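My notes follow the structure.

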Amino acid sequence: MERLSRYRSVLLLLFFALILTAYSFRLFRLQIIETDGNTDNTQLYVTITRVKAARGDILDRNGNILVGNRASYNLVFNHYVITSSDNTNESLYKLVQKTRELGLDYLDHFPITKDRPFEYTHDKFSAAWRGYFQEYLLDRSMDSDITAPLLMQTLRERYKIPETWSDEDARAIVGLRYEFDLRGVVPLATYTFMEDVSDENLSALLELNTPGLMVESSTVREYYTSYAAHILGTMGAMTEEQWKKVNAAYEDGTGDEYYMDAQIGQSGFEAAFEQYLHGVDGLRRDKVDKEGKIISQEYDEGKEPRAGNNVETTIDINLQIAAEDALADVIAYLQDPEQNLEEAGRDVEGAAVVVMKVDTGEILACASYPTYNPQTYNEMYNEILQMDFDPLFNRAFHASYPPGSTYKMCTLIAALENGYLKHDETIEDLGSFDKYKDDGFSPDCLQWSAYRQFHRGYNEAALNGAEALEMSCNYFFYEVGRLTGQDAINDYALQFGLGKNTGIEIGDSRGALASAEYAEKNDLEWSDGQTLTAAIGQSYNLFTPLQLANYTATLVGDGEYYTPHLLKSVKSYDNEQMVYVYDEEADHVVEMSEETKEAVTKGMHDLTTGSLGGIFADCVVSAGAKTGSAQVGTDIANGVFVCYAPYEDPEVAVAIVIEKGGAGAALASTAVEILNAYFSDAIDRGEIVAENTLLK
């Protein structure tokens with residue numbers, strides 16, 4: 001009996017030992033094997049987090065930051081944590097209610113309207129997002145042609161959203177659950193719930209302790225100047241065409257990888273220099289527990305974020321400010337009846353100015369009026385759209401205007417270089433040009449029609465080329481146009497870049513060059529008289545301020561035509577490595593003899609020391625200029641003005657146009673302001689000696 005009792009005791013002990021071993025193995029598996037050695041008995045989740053790379057800075061030629069980045073915070077969801085938590089819907093409901101209370105929007109890619117009657121909104125999303133939606137439906141065995149109301153009802157039931165909740169609330173929760181579940185169907189990074197959250201709103205949202213909601217540091221674009229709005233550009237979500245383009249470039253190895261929700265440059269510098277500014281986002285593996293606590297973080301090999309490069313532009317922001325302020329001042333003067341005692345210019349609508357370096361083609365400033373503040377562009381967008389005269393329109397590069405008398409330099413050069421006019425030859429101003437009177441066309445020279453006198457007085461009417469430019473004698477250029485012919489004049493106009501795209505990085509308008517072919521193509525009339533009006537910058541001639549500035553720079557720069565450009569150099573994000581330097585040579589040379597160049601520049605210089613001498617007396621350097629008054633209606637004319645300086649060794653060229661601004665001479669003071677702004681620094685450094693200054 002005693003032996004039997006001992007035997008039973010041994011069996012019982014063995015039984016308990018077996019149970020203990022089984023439990024120990026189970027515990028080892030749960031705590032060691034299934035947790036990769038993490039013994040805190042916690043369920044772990046691994047998610048892929050996309051770390052946004054900083055975009056490169058945009059700087060002016062002197063290193064001043066025009067557009068950069070500021071630190072910001074995003075709220076992102078770990079979808080494993082939120083969907084495995086208790087009361088998922090209730091947590092999300094509280095979060096949505098708080099966003100509404102704070103007046104905040106969050107990212108939502110669920111393609112159904114937020115209110116009844118529910119309808120699809122596929123047109124708001126790219127092909128990639130639409131494809132992801134179809135994969136989501138397929139994964140849940142739902143028809144791809146399911147109606148929006150039926151899908152909402154189906155998902156409301158699937159996600160067990162209470163019937164007592166409103167349709168609006170149900171739609172909000174379904175949208176969030178869709179974002180979470182989508183990441184289990186397609187290889188998307190963690191869901192970014194909200195971007196660029198303020199500290200105050202961040203605190204309010206985090207107080208809810210929503211499971212899986214985490215803070216990620218990021219950057220957002222910031223403007224460091226309230227000027228240069230038309231060239232700095234904007235950022236925005238990719239269109240479907242842009243998405244296809246960047247994808248194709250990445251696949252063939254000519255571009256970086258983009259994610260479909262990436263923000264890219266949509267206009268201005270941001271778009272033109274996207275290839276340099278764009279940073280490459282990183283992919284990080286985050287291991288978190290069920291409470292959302294981060295256990296470890298590591299980047300996939302070769303997937304660390306790479307910041308974009310810094311782009312140095314040709315713009316001088318101080319000169320840009322001076323140009324924009326000068327435009328605003330002259331327009332205020334023209335519109336103010338207490339200051340502007342004449343009617344001309346009262347109806348001014350818009351204006352533009354371009355400043356260019358003569359020997360490089362660099363754009364130093366390009367202002368357009370009216371303008372807007374790029375720092376408040378997003379908040380004020382709807383108000384900007386309602387403003388008069390379209391502040392969003394870049395008149396400097398995209399508006400085409402009749403050049404008026406500023407075109408006469410081209411006409412004179414074509415005549416002299418083709419031998420239709422000798423350098424010492426004069427033409428007698430007869431007041432009224434009657435050689436086509438049988439065709440009903442006999443235009444008067446303005447001096448004759450206004451005062452019944454010639455440019456040189458009542459008796460002396462013979463002018464040479466330089467004198468005709470200085471006095472802007474229409475009769476002289478009617479005759480020169482008749483002798484030279486449209487084809488020869490247009491040949492030089494094209495060489496000067498007039499009436500064709502310049503190739504500038506942010507794009508420009510082509511304008512138009514008057515000709516019989518152009519008239520026929522556009523169902524317009526053409527006659528011998530059109531040749532005469534075209535010779536003085538009227539007819540169908542239409543040029544941009546950019547083209548006028550480049551034309552002026554070319555004719556005073558020994559005929560060297562440079563492609564206008566805005567890119568100066570590109571450096572790595574830490575400024576330690578030079579990535580690119582613009583060093584293009586002149587595209588071509590417009591052949592001109594020294595005598596021809598002397599005739600043109602003398603006429604332009606004589607204008608600044610003659611009738612405009614009082615205004616240019618305030619200019620710190622010598623200059624040459626040409627006025628233009630281009631008729632755009634009865635008794636209405638655009639004011640056009642081009643100039644360059646210094647006269648002896650041209651360094652910069654300027655073109656100004658004011659819509660309905662009257663005579664171009666009214667813009668002379670504006671030009672002097674801009675020239676003085678540019679040359680004042682050089683004079684202070686001793687690089688240039690101002691006019692009327694004694695040498696010591």
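**Cysteines**

I looked for disulfides in this predicted model and found 0. The sulfur of cysteine 619 has its closest cysteine sulfur in cysteine 643, 7.8 Å away, which is too far for a bond, since a disulfide needs the two sulfur atoms within 2.5 Å. I noted that cysteine 619 is buried at 5% relative accessible area, and that cysteine 643 is buried at 0%.

**Salt bridges**

I counted 30 salt bridges and went through several.

Arginine 100 and aspartate 169 pair with N to O at 2.5 Å. Arginine 100 sits in helix α3 and aspartate 169 in helix α6, 69 residues apart. I have arginine 100 as partly exposed at 33% and aspartate 169 as buried at 10%.

Glutamate 216 and arginine 284 also form a salt bridge, N to O 2.5 Å. Glutamate 216 belongs to strand β5 and arginine 284 to strand β8, so the bridge ties together parts 68 residues apart in sequence. Glutamate 216 is buried at 15%, and arginine 284 is buried at 8%.

Lysine 244 bridges to glutamate 240 at 3.8 Å. Both are in helix α9, 4 residues apart, which means a separation of about one helical turn. I recorded lysine 244 as partly exposed at 43% and glutamate 240 as partly exposed at 25%. I also noted one network in which salt bridges with shared partners join Arg55, Arg221, Glu270 and Glu274.

**Surface charge**

I found a negative surface patch made up of Asp359, Glu560, Asp583, Glu584, Glu585, Glu648 and Asp649. Aspartate 359 is in the loop between β11 and β12, and is partly exposed at 47%.

Key. Residues numbered from 1 in each chain as written. Predicted model: local features only at pLDDT ≥ 70, side-chain atom pairs only at ≥ 80, totals over all residues. Heavy atoms only, no water. Buried < 20%, exposed > 50% of the residue type's maximum accessible area, 1.4 Å probe, protein only. Patch = residues over 30% accessible without salt bridge, like charges linked within 9 Å, V, L, I, M, F, W, Y side chains within 5 Å. Areas by Shrake-Rupley, 256 points an atom, 1.4 Å probe, with all protein chains shown as cover. Salt bridge = Lys/Arg side-chain N within 4 Å of Asp/Glu carboxyl O. Lys, Arg positive; Asp, Glu negative; His and termini not counted. Charge placed at Lys NZ, Arg CZ, Asp CG, Glu CD. Helix = DSSP H or I, 4+ residues; strand = E, 2+ residues; numbered from the N terminus.
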